[in-house]
Amino acid sequence: MKLIKRSILALAALMTSSLALADTYDPATNRLTVDSVQVGDTVYTNVVITVGTIHSIGGSYPANSPVTETCTASNFTKTKFDTIAVGMTAAQISQIMGCKNDPASTQRGSNHVVYVWKAVGSFAYIMVWFDVNGAVVTRLHPDPVIPFKQAVGF
């Protein structure tokens, strides 16, 4: 029973961990440290999981890379764009892009907010749909063909 509960907790942590906080993985010990994870109606905090097999990784970006106030064309690559995923925060996307979104280009709808990262002096930009509070990237439509992000100019 303990093994089943640990397995469920480990799986839930990998699937639902809060990306907004600094979850860390130590490859020397195979330990994943997560601020909190919800399993059913229970929230576990300060969770440490020993990882067995990693089945997939959605993407990656350098930790603690500098983030500039404005974007240039060099900030826009397909790899960076492909790393942006549902559940991320604007700060995480800025970390990936290496620059902040353009507040003047923010668009608000009845059920969403769109943040835009634009390259100064270029036509390159990305648009990313967030929840109504602008907190996390959100897929507004259940059809995966309808995007939660859009890229132009690169």
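This report walks through a sheet, a ring cluster and a few surface details of the structure above.

The model is predicted, so to speak plainly about limits, local features need pLDDT of at least 70 and side-chain atom pairs count only at pLDDT 80 or more, while totals for chains, interfaces and linings use all residues. Residues are numbered from 1 along each chain as its sequence is written, and side-chain values use heavy atoms, with hydrogens and water left out.

Let's start with the sheet. Four strands make up an open sheet in the order β4-β5-β6-β7, and the pairing is antiparallel. Strands β4 (107–108) and β7 (149–152) stand at the edges with a single partner strand each, so one side of each has no neighbour in the sheet. Strands here are DSSP runs of E with at least two residues, and helices are runs of H or I with at least four, both numbered from the N terminus. Two strands pair if DSSP finds at least two bridges between them. Strand β6 (residues 125–130) and β7 run antiparallel and are joined by 4 bridges. Take Ile126: its bridge partner in β7 is Ala151.

Now for the rings. The structure holds 3 aromatic pairs. Rings of Phe, Tyr and Trp (its six-membered ring) pair if their centres lie within 6.5 Å; planes under 30 degrees apart count as stacked, over 60 as edge-to-face and the rest as tilted. Two of the pairs share Phe154, as the table shows.

| Ring pair | Centre distance | Plane angle | Kind |
|---|---|---|---|
| Phe76 and Phe154 | 5.5 Å | 55 degrees | tilted |
| Phe81 and Phe154 | 6.3 Å | 80 degrees | edge-to-face |

Both pairs reach across the chain. Phe76 sits in the loop between β3 and α2, whereas Phe154 is in the segment after β7, 78 residues apart. Phe81 belongs to helix α2, so its pair with Phe154 ties together parts that are 73 residues apart in sequence. Together, ring pairs link Phe76, Phe81 and Phe154 into a cluster.

Which of these rings are buried? Buried means under 20% relative accessible area, exposed over 50%, and partly exposed in between (1.4 Å probe, protein chains only). Phe76 is buried at 6% relative accessibility, and Phe81 is buried at 13%. Phe154, with a relative accessible area of 40%, is partly exposed.

Phe81 has another contact to show: the charged end of Lys149 sits over its ring, 4.6 Å from the centre. That wording applies if NZ of Lys or CZ of Arg is within 6 Å of the ring centre and within 35 degrees of the ring normal.

Next, two asparagines. Asn30 has a positive phi, near 60 degrees, in a residue other than glycine. Asn30 is found in the loop between β1 (24–26) and β2 (31–39), and its 30% relative accessibility makes it partly exposed. Asn46 is not a glycine either, yet its phi is positive at about 50 degrees. Asn46 lies in strand β3 (residues 42–50) and is exposed, with a relative accessible area of 62%.

Finally, Ile54 lies in the loop between β3 and α2 (78–83). Ile54 is partly exposed, at 46% relative accessible area.
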